Every structure is written in structure tokens, then in C-alpha cells.
Amino acid sequence: MEENRVLHGGRLLRYNFRERLVHWVAGLSYIYLLLTGLAFWSPWCFWIAVILGGGSVSRVLHPWVGLVYAASVIYMLGIWSRDMEITDTDRKWTQSIGAYVRNEEEEMLPEHAERAWQQWAPVDRFNLGQKYLFWTMFWGGIVLLVTGVVLWFPERAPQSIRLISILVHPIAFLVTLAGFIIHVYMGTAIVRGGFTSIIRGEVTENWARHHHRLWVERITEDAAARK
Amino acid sequence: MTNGWIDIKNTDMAMVIGGNPAENHPCGFKWVMEAKRNRNAKLLVIDPRFTRTAAVSDYFVQIRAGSDIALLGGMINYAIQNNRINKEYVANFTNASYIVREDFKLPEDGLYSGYDATKRAYEKVSWNYQPAGQVHPAPPEIKDGKPVPPKMPEVVDHDPMLENPRCVFQLLKKHYSRYTPEMVERITGIPKDQFLKAADMFTSVRKDGDMTKVGTIIYAVGLTQHSYGAQMIRTACVLQLLLGNIGRAGGGMNALRGHSNIQGATDMAGIFDILPGYLKVPVPADKDLKSYLERITPKPSKPKEWDSFNYWSNTPKFAVSLLKAVYGDAAKKENDFCFHHLPKVDRRYSFADIWNDMYLGKVKGLFAIGMNGVMIGPDSKKNIEALKKADWLVVGEIYPDETSEFWKAPGTTTEEMQKIQTTVYRLPCAGFAEKDGTFVNSARWLVWKNAALPTPGDAKLDQEIVARIFLKVRELYAKEGGKFPEGPLSIAWAYSNPNSPSLSEVAKEINGKALADIEDPKTKQQMKAGQQLPGFAWLRDDGTTMAGNWLYCGSWTEAGALSQRRDLADPSGLGIHQNFAWSWPMNRRVMYNRASCNLDGKPWDPSRKQVWWSEAAQKWVGNDVPDFKPDSHPKDHMGPFIMNGEGVGRLFTPLGLMAEGPFPEHYEPFESPIENPLHPKVTNNPVVKKFTTPLDKFGNTGEGYNIVCTTYRLTEHYHYWTKNNPALVQEVPEPFVEIPLELAAEKGIKGGDRVKVTTARATYEAKAMVTGRIKPMQIDGKPTYQIGIPIHWGYRGIAEDEGKTALTPANFLSPTTLDPNAHTPEFKGFLVKLEKA
Amino acid sequence: MSQATLRITKISGHAGAVPGSNMSRDAKEKQVCKMVDTTTCIGCKACEIACQEWNDLPFASTSFNNTYQTMPDTAWNFWNLIRFQEYQRPNSDGSKTFMWLMRKDQCMHCADPGCLEACPADGAIVQYSNGIVDFQTDQCIGCGYCITGCPFNIPKLNPVTHKVHKCTLCADRVSGNLEPACIKACPTGCLHFGTKEDMLFQANRRVQQLKTHYGMAEAGVYDPPGVGGTSVIYVLHDATQPELYGGLPRDPRVPWTVKLWKHPLKWIGNIAIIGGVVGTFMHYLRYGPKIVPEDNAKGGH
């Protein structure tokens, strides 16, 4: 890691400025793409484009914002590809997914909650779900980019390519939307502290040990090594 | 046209030869489509290329440019050999039965009797009918030491059975017996089986002499623009007469005029050798009106038992009425109606002659009004050089054109430009939508049109330009005198606005009016002085009538301008719209329509009744106006061809009516890839006209010119001015040369490559259009290619000004070899070289 | 376009019912049709110019392309194009007959229009009860999906405005009881206009004539069923080989990917999205959030 993420007062730097910025660029651009995309997806949602400046304006801006989104996920790949690698440990964590979804670790008494966590495979900076989300949004983004460029210049691509794109682009959209819904839900409603971490960047060491023990150990080691 | 545009819908069989009506007359061509849609008519197309017309034809035959006489002669031979003739029609309505003079010789060696090789001209006295009872021709008549010009005998011998070996029919048969399918193949390049199929197809309308069906021949300048073009047309006429197609609905010889008013131009004598209404021009030998009229007024020439209307016998009435129209009150009986004021035409002053004279320094100035002489050519470089020598040039146009900018033609150096002393005046003229007046279409209809727009800027109407120049010149004559001031000073110019005469006044003058109170001796009908005449039957030779053109008499009567009528009614369904505009002569829509009936006056085909004899009314009646003497009983055997002295159609053209001879004979184009297989020693037209300046050069195969080239128009462009119209430049933006696939492969030329086409005269450069529409041919056994060049581009236009073309006009290439009858240059069928540029 | 005089029966990208969809008393019978008889087309291009003139379209800049065809394809300012094709037709005796085929190419005004199907913009493409398919340029968002949806490759984008354009079958003239401009200009009577019923009748009669009197055994009418039939039909010399006529598609249909996207995928997707959102709400009700114990006790995030 390039910088020290252990801060004073038991706080850790979960996401630095760059990471938060690129996340919000991706997120906000995705929201715009989602809204205008919904308008193009269904006549029942076409009014969305209307209130966002009109159909033509939406159609003009959608691909440009798409480029922004694509650039941001590619940048994310640049900074997070190592952190997002799926390891054998992650694969062991799949056994815990059901309990995780049901928040079973939270239902236990506080003194047991820690242990419950420890019974599951340990989680590094990002858990498997987060990694799946990343790759979904990344590859989904690439597919959306490629098919999107084809649809952006309809008179340059042969019809067969366009016909495939016209189907694949919305399919990729649906897939990334699934990821988006789950990600926003979890980040705002389910994982307390998650939203703050992506705004202000800091989390408590306790929170971090609870959710990402291996990461805490790694950055603590690293901080000690710096001294 | 003998028939008309709409009449074409009545045909069973249309042959398009030397023309491309789908391309150049798309609106008129609809009538061929109507015939196909409604009558299951068939279309045969003969052309050097597979054209737009060929695309909708039932059979297409590719022909070598310039060899149509061989093909049509072959069809004449085929018709005779295969009994595709109706004897009643041929024997009675043509001169087939006329006996020809004993000393007349057919041109087996290429020359008719009477050829003088030193003069390159014919002594034509033997080309004549045999006077009745006179088997051996009399010695030529001499008067005042000079031979009297021979005339047709007034009474002739004839053989109604058509068996006498000296009768026209037998001579015709013998003449065209040389045009076998094998000979046709050698000359035209048409394989024998294709020729036979085409001949069978076209002549099938007359199978075993059945007269029910009709065929028409539709042609344009593909026949005319050759050094024997008039004879090409004649061959088709002979075929049509032989097949009994003339005078009949859906038949006829239909010339497609190439300009909306070129028919009007020729009717009104826009040519040096006629006066309005096709009166012959006076020559210096006509010492007075009487001898002039005697020379030009034909006498009947027929078997004793027959009758001939010989309508040209009224020539004096037409001529005197014309003189009264031109010279008004100055023309009196005492001064021969100002006959002496008319120019006497002493030699040929055709279009090509004018340019030649200018090149030789004899013509000092030129008015080019709506005529782009440089682009027309032929041999445009010669025309450009000619203009450099002229003192002045006046161009009346709607766009700046190549003629007015001759001084910057490509290849002209700055030094040369500085030496040019020609003063060029450019007069902006009105476009067609800004002018009223009449157009006369190919169907001879005078159609009045109104102006749709005012003229822009300084542009003036044609009549104003002509009037003001004329009046100014006349004023100078009055002030300063001159060579012959009486001529211009005696011309009548009594228009309400002399500086810009209204065309309705002029049209009324052309129709003619009574100059005194006159009465028709038969009907007792009276006309008062000043009244518009109802028809040319009213014209007189005593100065009591005037008419600017006898043919148009009847077009603007006391009832008004019949050319303005627009009634669409067609009660007979034959397309005879009697009350739509007005056709000459006297609103007859199909000429020679008496021939649509048999000898008894009954229509050959009851389903297409044009006119017929009514025994009850004792006159000819019908759906069309009878083109005939109305009360001539069928038993009087008056011929339907009332404008001939014979009264019948001419299979044999006597005396000098056609310069090459009485029957058309195949000659090669002046620049030909082969020797004439019929008679190699006389390959070309023995009386062709050509010029001898250093710029009149000719090429031959020995020098490497071995590709046959033809020139033509496209649908999307109109001659030389639509290159200024952005819509049409969009449709066809650049000039091109059409090249056969095989020739392109041989020369390594791909579609779009720049190519150079060269004649002995100049080079033309454009992009190659490589196409399968022109196939390689075998001409007299030699592999021969043809290429084609659309004419529309020059050195001034939208694409030209943007530097997108090579700036060469197509007519840089064409030679100045002229048909001796019509003086038309050989724009089609000359030799070129082709290479990548 | 005047909606008062022409009932609109289909609208692109529209939620819910189409206002005029059951308003016309005899919508089916009054379907208009342009009949193009390729056997009488002389390729004179009067129709090309008439269309540009009537619609005030700017002239295009063209260049030589080794053909009489004005340009390679229709354009935003060139709505009908004569396609020229040289063809050597093989005869039964082994010989070949040369043909020069000319087909007027323009919007076919399909009964089942692929452009309208693919278009996401509400009201950008409409179909009137007379069968005419029209672009309403104000509503067009310039996405070009119609270009992909059209089996005839007809709609073309204006590169500056990014709106698409095509033949309107002169809906403005037709609504005033005039024939389309191309039909008025055609000099040989190759183009005909009337009701679909009448035009089919004329076309079939012409085909019979071609078979009986002109030896064209393969003549036929091109009225492709794959798009529900079209308001532009062709009489072809050889209806078994429409591709010869400048690439006329043999069996045109609305592309299956477009249909898949607009129908099954739409259903599945909408259910999934709504299901997903509802699902998250229900999950929260059932399982609530994750709370890290000490943090909660300390009360700080």
C-alpha cells in the first residue's frame, strides 16, 4: 500500500480521497445513465428523459456520461485490481453467504458476534460480494461501453453488429442494475458505517475488524513497518 | 412525326432505332408503355449500346454505329422475300408500280448512273420515271444553251402487277437482294440469327399481307447524325411504306425532335435552304417571281388513270402570301411582291459552313442566340479557332457558356489570349419559363404557353433583342445607305410595340389574314379585310391574303388561338384529341390518313377507324380530319400522299430529291474500321461533304484509330446548359466514357480511372464507366469495339468551375463530314484511340 | 403531420394506448399503396428530383461511381433512389439475355415497421391508419435505433441535426387527396397510387400480362409477408430473385433481436427490477441492518 492508513484515535482510512472521488464519479455517472437508460428502456419511463432536459439532450449526453463511467471503472481497475482478486479464502467464504444475507451474525449476543465472524472465512479489504460487485460493474461497464459505442455511431457499424448491440446493451444494463440495487441497499441500509466510509473515508478499527479483519491486520503491519 | 406522340399507344409493334426515347423523351415514351400495357405491343430496340430504352424492350439488337442502312435494307429484303407485304397498299399507295427510265442503273459497284468523279457529283437525269409510252429516254432538253433541269414526267407508265423488271418494285427488290442476312452480319456486326429474329418480329405485323396490325418506327438523331443520315431515315421510310404502316394509327415514321421547339424552328425556316412552310429558297437563276414559282411548284406525275392532289401546286399562293406578310404594303403585284428583296441562296450556308467560313476569315461576326456553337462542334477546336478570327461575337444566353468564353478554352495560352481581337457581347436572355409563345412538338402540335415568371435582372425577351437590333440596323440603313437598303427598309413591322412585338401579334400574322374582302368560290363564304384566315385553302397568289407560314394557317382564326385549347376529350379512344392545341396541317393528327383505308375507302382495321369514305355524305369523314381532298371519290384513285406530285409514297426517290440516289445504299461512316463489303472501292458516301482546312483531319485504322465511337445524351442532363443546374449536377456529377468490360480489361482500365479518347482532331478526357452494356462485335470478321461518350460537359459549369473535370468538350472529337441532303455532321460513328490518362 | 386528418394507429416508444387506434371506421380498407412496376421503369430519376423538390431537400454532393445510380444509398436529403443493376439472365438453352434492372428504392411503409418497433422515443415514429409510417422529427432523439430496426436499411441520419429522415409517402399530399410527388412526376406511368386492394389488383393483373404475353414466367408481386405486407409493392420480372434488384431483401422481417429486446426482455427486465427493489425492502423488513456492537455502544460512526 502506498500510504499509511492507520490514523490516530482508533480510526483507519478505509478509502482515500482518490478512491472516494472515483467511486462517486462512477456512482453519479451511473445514476445518470440509469435514469436516462430507463427512459430509453421503457415507454413508461420515457418521462424521465423529458425532465432531465428532453429526449434529444438525454440521448446526446448519455453516451458521453457513459464514457465517464467507463473511464472511472477502468481507473478503479487500475487502483483496485489486486484488492479485487478472488482468492481461495474468498471461495471458502461462499459457505457463509446465506448466514451473511440473513444477518445471522448480528442476531447473536454481542459477546458471540465476534466469534461468529471468526467462524467464517476471514475477509480482506473487500469481501466476495464486494468483489463480485466490482467485477460485475467493471465487465458490465466494458460491455456497455463497447455496445454503447456501436449504438452511438449507427451508420458506421454493420447491421449485424448493431443488432447484437441493441440486445446486449440492455442485458448488460440489467445485470449492472442488479449490482447497483444490491450495492446501494447494502451500503446505505444494511452495513451501518458503510456510507460514511465512502464519503469521509474513515472507519473505526472495531468496525473494520468486524467486517474486514485481514485488511486491518495488513495495514497495521504496514504502519508498524513504516516506523 | 407523320403520326404523333399519343398515337403511339395504338401500335402493335414499335421499333426504336437510332433513338433512345426512354432516355431523352421520357414523357413521350409513356405512349410506348401504354401500347405495351393496353395492347400487349412489343418493343424492338436497335442501338450500339444497351440503353434505358433497351432495358424495357422485348428484344434488343446491338448494332455498329453507322450501319443502320444495312440492317433496314436487310429487313426490306426480308419483307419482300417472306411475303410480309400487302400488295393492294404497295401497288396503289406507293410508286412501286412506276416504270423507271431505261438508262437508270443500280449501284452494285457503289455508284448510281451519272456519277462525275471529278466533280464528286451526280448528273441525275436518269433517276426518273419513264414518261408514258416512251421506252427509250429522250435526249436532254437544252434552252438558251443550258440544259433544262429535268422534271418528273406528268404521265408515267406503270405496272399494277409489279412484275415489270423496270418497275420500282422490281428494282427495289433487286437492289436490296444484296442485303442478305450474311451481308447484314458482316456490315452491322449483328449475328445472323439475331437479325432474322428482329426482322421476323418487326415485319410480323404484315404476315401474309394481313393489314390488321400496325408497326411504328421511332427514331432520332441516331439516324440523322451521319454523313448519309437522311438516307438512313429514307430506308426506314421505304420499309414502312412497303409494310403498309404509313397513314395508320399506331404506324408511321416518328421522328423524335430533340428540343421542345425544334419542330417550330424548322417549320419557321431556321435553316438556310428553306423559307417558312418548307418553301424552297430562291437561287440566283430565278430571275423573277414567275420563274421562281415555276421552278419550285411541282406538277403531278402519275399513271393516266390515277388522280393526284399535288397540294404543293398551291405553292404560288403560299409564296405570295409569305411575301405579303414579310413586306406588307411594299409588296405589290407590280414589283413581284418584293421578290427581289429576298436573298438568293447561291451555295450551301449550313451550320458547318458558317464556322468554316469564319475560320477562313469570310464571316466577320456571329449572333449566337441560345446556341452554344463551340460545344455543338463538330470538331470544336476548329470552331474556337474560327471565333478567334472573327471581329465580333454576340452571345445571347442564360448562363456564361463556352462560346462566349472561347478565348479561355483549355489549352489557350496567355499570349494567344492577348492576340485575340474578337469583341464579345453577352446579352442575358430569358429562360423558357419566362417566355410565352408557342412550342411546336414532334407531333406537330402548336401549343401556346404562358410565361410563368418575369425575366430576372437585365435579361430581355428574344423578340425584344431581335427587334431592337433590327430597328437600329434599319435606322442606319436609312441614314447611311448601304449595299442594298431597299431590302431591310421594305420589311413590314407594324406591331403595337415595335421594340418588343407581342408574340400573339406575331402568331396571328403567321396564321395570316385577308387583306381585302374575299369570297370562297365553292362555299360562297366571305372574309372581310383584316380578318384572320380559317385555313390555307383561303390563301391566294394575287396579294389579297398574307400568311407568315401557310402550314400554320388555321392556328389562330377569328375564333381565337386554337393553340391555347386544352380539351382532353378523345371520343374515338385513338388519342385524337381534336380540341387540344392545334396540329398542322389543319389539325390533322395523323398525316396521310387516307392510307388507313383500302381502295374502297374502308379502314384496314375496323378497331382503329381514323377516317373513311362516306357514300351517304359523298365525302371523307372520320375521327381525325382527313388529310386528303374531302370529296375525292375512292374510285378516282387519288393518292394519299398529297404533298408529292405523284400522290403516292416514294419507294424510289426521283431526280435530285436525295443526293446519293433513289434507293438508299449502305455507305461506311467517313472514318470507318472496314472497307465497304458491298463495294470496297466505293466505301464512303460518294457525295459526302467535307472541309479541307488544316483542322479538318481524319484518322484511319492504319494510324491506330480502330475503336468506333458514338456520342449521345443522358436523361439527367440537357445538352450543354444543365451543367449549371445543381439538382442535375447532383444526379450526374462528372463526365464519363462508356467502355466495354472486355476492352477495359485489355487496357487495364478500371471503373473511375481517367481515360483519354483521341481522334485525328483532338483529345477528350473523362472517367471510365466500365460496363457490360456494350458488347464486343465482329465487323466483317474483325473484332471491333465501340465506346460511347455523353456530350454534356465542357469548360464552364458547376463541376467544371470546381476543377472536377478535364474541361474537354465531347465534340472536340467529332468530324465535320456532312450529309449532303440535310448537312448534318457525323457526330456518331467515328474512329478513336483509347488509353488510360 | 396533421393528426386531425390522419388517424394514428401506432406510436413508437409510447406507454399505453394510442389515441387514434380504434377511431377509424374502416382503417384497414383505406390503406394506401404505391405500386412500382419495375418492368416499366426507365430509370429517368424524375422521382428522385420530385421528392427533393417537394420536400425542399438540399442537393447532395455526389461523385462518379461507375454506375448510372446517383449515389450508393439513400441519404437524409435523398429519400428515393433508383438502383441500377446489370444482369445476365441465363436462358434454358444456355444463352444469356442481358438485362438492366432498375428499382426505385425508398421506405416500404411496412405494416409491421421495424423502425417504429425499435424506436425508444415517444411519438418519434407513427403509423397512420392508411399505413403510412412517418417520422415526427420534433420527437426524434437521434439515437438511430430505427436504422438498426429497418430490414431495408432506409432511415438516414442528418449528421448535423442527428435526426433521421426518410420517405414519408408524401403524407402531407396524401392527406390532401393528392398522389405522392414521385408518382406525379413519373413520366411512363411506372408508378401507381391507390388503395392497397386496388394496387394489388393492378399489380397481379400486370403480372398475368407479363406471364402470358411477355414470356416472364417468374414475374410476381413483392409484398413481403414477414413485415405484414408493405404500402409499397413491386412488380418484378423475377420475383424469385428480389436480391437482383439492388439488394432487395428476400424475406424481410423486423430483426429478432429487436423483437426480443422489446418484448420478452422488457417483461423479464421490468419484473426483475421491480422485484429487485421490492425484494430489498422486504429483506430490510425481515432482517434489518448489520450493526457492529462496540461502535453502536460508543454511538459513533
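## Basis

In this predicted model, local features need pLDDT of at least 70 and side-chain atom pairs count only at pLDDT 80 or more, while totals for chains, interfaces and linings use all residues. Residues are numbered from 1 along each chain as its sequence is written, chains are lettered from A and ligands numbered from 1 in the order in which they are written, and side-chain values use heavy atoms, with hydrogens and water left out.

## Chain contacts

Two pairs of chains touch, and the pair with the most contacts is A and C; a contact means heavy atoms within 4.5 Å. Chains A and B do not touch, and their nearest C-alpha atoms are 22 Å apart.

## Chain A

Chain A has twelve helices and two strands. Helices (H or I, at least four residues) and strands (E, at least two) are DSSP runs, numbered from the N terminus. Their order along the sequence is β-α-α-α-α-α-α-α-α-α-α-β-α-α. Along the principal axes, the C-alpha atoms of chain A fill a box of roughly 60 × 40 × 35 Å.

Of the 227 residues in chain A, 50% are buried. Buried means under 20% relative accessible area, exposed over 50%, and partly exposed in between (1.4 Å probe, protein chains only). Among contacts in chain A between residues at least 6 apart in sequence, 73% join residues at least 24 apart.

## Nonpolar patch on chain A

A:L28, A:I31, A:L35, A:W47, A:V50, A:I51 and A:L52 make a nonpolar surface patch of about 650 Å². Areas come from the Shrake-Rupley method with a 1.4 Å probe; for residues, only the protein chains shown count as cover.

Helices α1 (17-41) and α2 (46-51) of chain A each supply at least two residues of the patch. A:I51 lies in α2 of chain A and counts as exposed because its relative accessibility is 62%.

## Strand β5 of chain C

In strand β5 (residues 125-128) of chain C, C:I125 and C:Q127 on one side and C:V126 and C:Y128 on the other are all buried. Strand β1 (residues 8-11) of chain C pairs with β5(C) in the antiparallel sense over three bridges, and C:I8 stands opposite C:Y128. Strands pair if DSSP finds at least two bridges between them.

β5(C) also runs antiparallel to strand β6 (residues 133-135) of chain C, joined by three bridges; C:V126 has C:D134 as its bridge partner there. The two strands form a hairpin with four residues between them, and C:G131 in the turn has a positive phi of about 95°.

Note on methods:
Patch = residues over 30% accessible without salt bridge, like charges linked within 9 Å, V, L, I, M, F, W, Y side chains within 5 Å. Salt bridge = Lys/Arg side-chain N within 4 Å of Asp/Glu carboxyl O.
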